[in-house]
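Please open the model in your viewer and keep the selection panel at hand.

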Amino acid sequence: MRRLPPVLLEDGCPHDLLSLIRTILAACKEISFRVGQGALSGVLGSTLDENIQGETQKKLDVLSNQLLKDILLESGYVKAIASEEEPGTVAGNPDAEYIVAFDPLDGSSNIDINSLVGTIFSVMRAPKDADPADPNIFLQKGDQQVAAGYVLYGPSTMLALTTGQGTRIYTLDKTQGTFLLTQDFAKVPEHTKEFAINTSNQRHWQPAMQNYIADLLAGETGPRGRNFNMRWIAAMVGDVHRVLSRGGLFTYPEDTKNPEKPYKLRLLYEANPMAMLIEQAGGLASTGYERIMDIEPEQIHQRVAVILGSKEEVEACLSYHK
Ligand code: AFP
């Protein structure tokens with residue numbers, strides 16, 4: 001009988017933080033079940049509402065957000081939460097040490113086609129004696145995160161988690177309801193031949209990205225001298241999991257499609273947690289002009305350009321942005 005790997009590791013992690021992470025995972029197990037039930041649980045399709053981002057809310061967006069919000073606020077482990085699906089932050093236990101920002105269901109446009117979706121979370125320390133209702137307590141650089149992770153709802157439900165000691169991958173054992181360690185210290189290969197971008201926006205990119213992607217597409221006939229492969233899951237959690245698993249470059253660059261919204265991905269609960277996971281696994285995460293985890297946030301739903309993944313390929317892409 002194969003020795004079962006240990007459940008959630010994260011040795012040296014403060015007890016409160018580990019309990020907070022377990023609380024997040026309890027909600028994610030329920031989300032995994034609902035996503036897996038699909039049409040059978042009547043949660044497919046859209047609501048009649050829009051979120052603060054002006055995007056139509058899917059029923060599962062609302063359900064996932066409610067599950068995470070309720071369990072976190074009831075746990076007493078959080079001073080406040082911020083969510084893609086909440087206009088503002090929501091105050092919790094004024095004596096708690098941590099705050100959590102999350103995208104409850106990233107990739108929700110994939111729900112109705114039974115494709116990959118996931119939950120992304122970022123944990124930071126709450127400033128001492130801070131007012132739980134003050135949204136500014138979330139305006140911390142990505143380097144201030146004490147934990148970051150995602151739960152990917154795919155053929156198997158997988159957790160990628162870092163508390164600053166490397167990035168570990170766990171798989172949900174649905175018979176026991178526990179996340180078991182299945183990859184200790186994931187490493188993003190430095191070299192890759194695979195990139196991920198939504199090419200339909202090509203005419204709206206800045207010249208630097210147009211030139212970089214054109215050279216990838218030119219393959220062995222162009223300056224890179226070798227051929228590349230492309231993937232696009234349209235759910236950051238799926239694309240980042242592929243990068244963590246086998247390398248690659250993922251980017252959602254600046255585009256001029258909608259002048260009021262030059263960027264798509266949100267800093268606090270998409271770019272920052274993914275940047276921590278990727279850097280802890282030896283990869284890089286940049287906007288093209290600065291390291292993502294160096295950015296001083298100005299607004300909780302702030303968006304940012306993202307270029308992340310295999311060190312050598314991110315550096316090649318950045319060389320076009322000089
Ligand atoms: P949704 O959650 O609205 O599906 O958006 C997902 C996402 O924020 C990110 O997870 C994807 O990488 C990106 O948007 C996909 O954007 P496009 O639909 O423009 O390709």
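Predicted model: local features only at pLDDT ≥ 70, side-chain atom pairs only at ≥ 80, totals over all residues.

The stops below pass from the domains to their interface and then to a sheet.

Next, select the residues in contact across the boundary: domain 1 contributes 47 residues and domain 2 contributes 31.

**The interface**

The size of an interface is often given as the accessible area lost when the parts come together. Here, domain 1 and domain 2 bury about 3,000 Å² between them, and carbon and sulfur atoms account for 61% of that area. Select L139, K141 and Y150 and display their side chains. These three residues provide 20% of the area that domain 1 buries against domain 2, more than any other three residues.

Now select R266 and E84. They form a salt bridge, with 3.0 Å between the closest N and O atoms. In total, 2 salt bridges are counted between domain 1 and domain 2. Polar contacts across the interface amount to 13 residue pairs.

Select strands β5 (98-106), β6 (117-125), β7 (145-153), β8 (157-162) and β9 (167-173). Each supplies at least two residues of the side of domain 1 that touches domain 2. Which strand gives the most to this side? It is β7, with 7 residues. Colouring this side of domain 1 by class shows 20 nonpolar, 20 polar and 7 charged residues.

Strands β8 and β9 run antiparallel and are joined by 5 bridges; select T162 to find it opposite T167 in β9. Strand β9 is in turn joined by 5 bridges to β10 (residues 178-183), again in an antiparallel arrangement. On this pairing, L172 stands opposite F179 in β10.

Finish at the turn of the hairpin formed by β9 and β10, where 4 residues lie between the strands. Select G177 in this turn: its phi is positive, at about 75°.

Methods
Residues numbered from 1 in each chain as written. Heavy atoms only, no water. Contact = heavy atoms within 4.5 Å. Buried area = accessible area lost by both parts, 1.4 Å probe. Salt bridge = Lys/Arg side-chain N within 4 Å of Asp/Glu carboxyl O. Polar contact = N/O pair within 3.5 Å; in protein donor to acceptor, adjacent residues only side chain to side chain. Nonpolar A, V, L, I, M, F, W, Y, C, P; charged D, E, K, R; others polar. Pairing = 2+ DSSP bridges.
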